[in-house]
Amino acid sequence: MKKLFFNGKIYDENFNINKNLLVDDGKIIYIGDEDIVLQEKYEKINLKKSYLTPSFFDSHLHLYLYSKSLFELNLSNIDNFDDVLRKLKEYTIDGDIIWGFGWDDEKWNCKPNKKFLDEIFKDRYVILKRRDGHSVWVNSKILNEINIDEISKIKGSKVEKDENGDLTGILREKAADYVFEHFKEKQNIDKILKKGVKKLQSYGITAICNMDGDILPHLIKNRFNLRIMNSIPLNKLKEAISIGIRSDFGNNFLKICGLKIFMDGSLGSKTAYMKEGFEDEKNNFGVKYFDEKELDEIVNEANKNGIYVWIHSIGDRANEIVLKIITKKGRHKLNRIEHSQIVSENFLNFLKNKKIFLSVQPSHILLDFDKIEKFLGKRGKYTYPFKSLIQNGATLIFGSDAPIENPDPLRGINLAVDRVVFEKEFFKNEAIDVEEAFKSYTINPAKSVEMENNIGSLSIGKFADFVTFTDDPLSFKGELISTYIEGEKVFKKD
Ligand SMILES: [Zn+2]
């Protein structure tokens, strides 16, 4: 049955506002202001003057890690033991295993012990990782299920006992690793992913580029209401080539796309590969994962077999090398850089007329704000210089890198447009206009994976994937009401 969405404020691909949208079999067959003659029986949906935009496409997201993070209990920055217990008691997320992290007993006036956990959780497994990641605090249900004598014998493992010789529930180093690995396999990954997808829909996201490429079997088994453009892990390149997998293989809900490669580390840990050392560590140039020649060979191998590349590159030196390699003559036009966080004048000049996609994360400005000045000094102005990148011919595609950052697209758009962090401006001259920012979260990502004829804007012939807002999201006033995929509501705010 045809569906008529009427009485709305619907943004079309030129950012003009229209009243009506007609959907047939999941696709848009009309958008405009004319009153639709109801010749046939249409389902009518009154939009009551709400605003409609195409739903969002996050170009860089870790679907498994993000979904998993929704189940984890964050115990960081809790100084008081009673508050830790209170937080545990308030934990209501269902599932067999309770995963937590961040506790720090140095701040407490008592020692962590399994008995506290047993009182709260009798029937569920509890695994809480310490702040440094080297110890876990578990309950008796876990201890009863592992062979503690065997684990004690593992080299480098430490199983803590109290003065009476009883287990405390604290396992350190290799013993902690063992518990982690052993119970990881017990997780219900399908269920975890389902929750992640739901949460993304609540932000108006209906398409992603998934950087956790190795969950492919779960994505094939479940048909999630999320358009997933999946990466190929580098260690699966040979296999993919040998069985004939190419980028673009798949359908409108699950597609194989780029080969994920790491060129360097991160700014936070000062492992970004730099032309000059960090301000506070002049001899540290970061790390590179590949020599130029090695990377060139990998890209060549992938491209000549029809697979394009998504290369993680943060530092200015890494970015110059990667840009040169991926834009060589004959290389795939959809090769792109992930992050491209710190660039250089050279990079910007080289970019001209290359017409490539850069997958950038506006919310990283927030994450790295304090480090940028400290580590980069004057080079700070080359961190995510959105306007310069666009002026030099790049097409920006936005993403969140969730769970590293909150996946809310409006937050990212706002940062790209305002460039205000903690009430301070961050190179305001690199701000972009709001329409450009919206495109970077909708149509541009669609183009970067050749989906622009199906999604990314509200126009005739495309799928009716959209979001409704109480007020105009382009002036950051509206709140999200619902998310639709192919004209079907998949999320509604209560
Ligand atoms: Zn990432």
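These legends go with a set of close-up views of one predicted model.

Before zooming in, two housekeeping points. Residue numbers start from 1 along each chain, following the sequence as written. Because the model is predicted, local features need pLDDT of at least 70 and side-chain atom pairs count only at pLDDT 80 or more, while totals for chains, interfaces and linings use all residues.

View 1. Helices (H or I, at least four residues) and strands (E, at least two) are DSSP runs, numbered from the N terminus. Along the principal axes, the C-alpha trace spans about 80 × 60 × 50 Å. Of the 494 residues, 42% count as buried, which takes 20 or more other C-beta atoms within 10 Å of the residue's own, with C-beta atoms placed from the backbone. For contacts with a separation of 6 or more, 67% come from residues 24 or more positions apart; a contact here is two C-beta atoms, placed from the backbone, within 7 Å.

**View 2. The open sheet of 4 strands, in the order E5-E4-E1-E6.** Its pairing is mixed, and two strands pair if DSSP finds at least two bridges between them. At the edges sit E5 (27-32) and E6 (43-46), each pairing on one side only. The twist averages 20 degrees from one strand to the next, using lines fitted to C-alpha atoms as axes and angles from 0 to 180 degrees between N-to-C directions. E1 (residues 3-6) runs antiparallel to E4 (residues 20-24), joined by 3 bridges, and runs parallel to E6, joined by 4 bridges. Look for Phe5: this residue stands opposite Leu21 in E4 and opposite Ile45 in E6.

**View 3. The open sheet of 8 strands, with parallel pairing.** The order reads E8-E15-E16-E17-E18-E19-E20-E21. E8 (56-61) and E21 (395-398) are the edge strands, each with pairing on one side only. Neighbouring strands are turned by 25 degrees against each other on average, direction ignored. E20 (residues 357-360) pairs with E21 in the parallel sense over 4 bridges, and Ser359 has Ile397 in E21 as its bridge partner.

**View 4. The largest nonpolar core, 108 residues in total.** A nonpolar core is a set of buried Ala, Val, Leu, Ile, Met, Phe, Trp, Tyr and Cys residues joined through C-beta atoms within 7 Å. Ile208, Val309 and Val322 have the most contacts inside this one. Helix H11 (residues 316-326) supplies the largest share, 6 residues. Leaving out residues up to four places away in sequence, Ile208 touches Asp58, Leu61, Leu63, Leu200, Leu226, Ile228 and Met229. Apart from this core lies another, of 20 residues, including Leu117, Val159, Ala175 and Val179.

**View 5. Helix H6 (residues 174-184) and its buried residues.** Those are Ala175, Ala176 and Val179. Seen down the axis of H6, they fall within an arc of 105 degrees, so they line one face of the helix; the arc is that of the directions from the helix axis to the C-beta atoms. They pack against strands E11 (125-130), E12 (135-138), E13 (157-161) and E14 (167-173), along with helices H4 (140-145) and H5 (148-153).

Conventions
A residue is buried if 20 or more other C-beta atoms lie within 10 Å of its own, exposed if 12 or fewer, and partly exposed in between; C-beta atoms are placed from the backbone.
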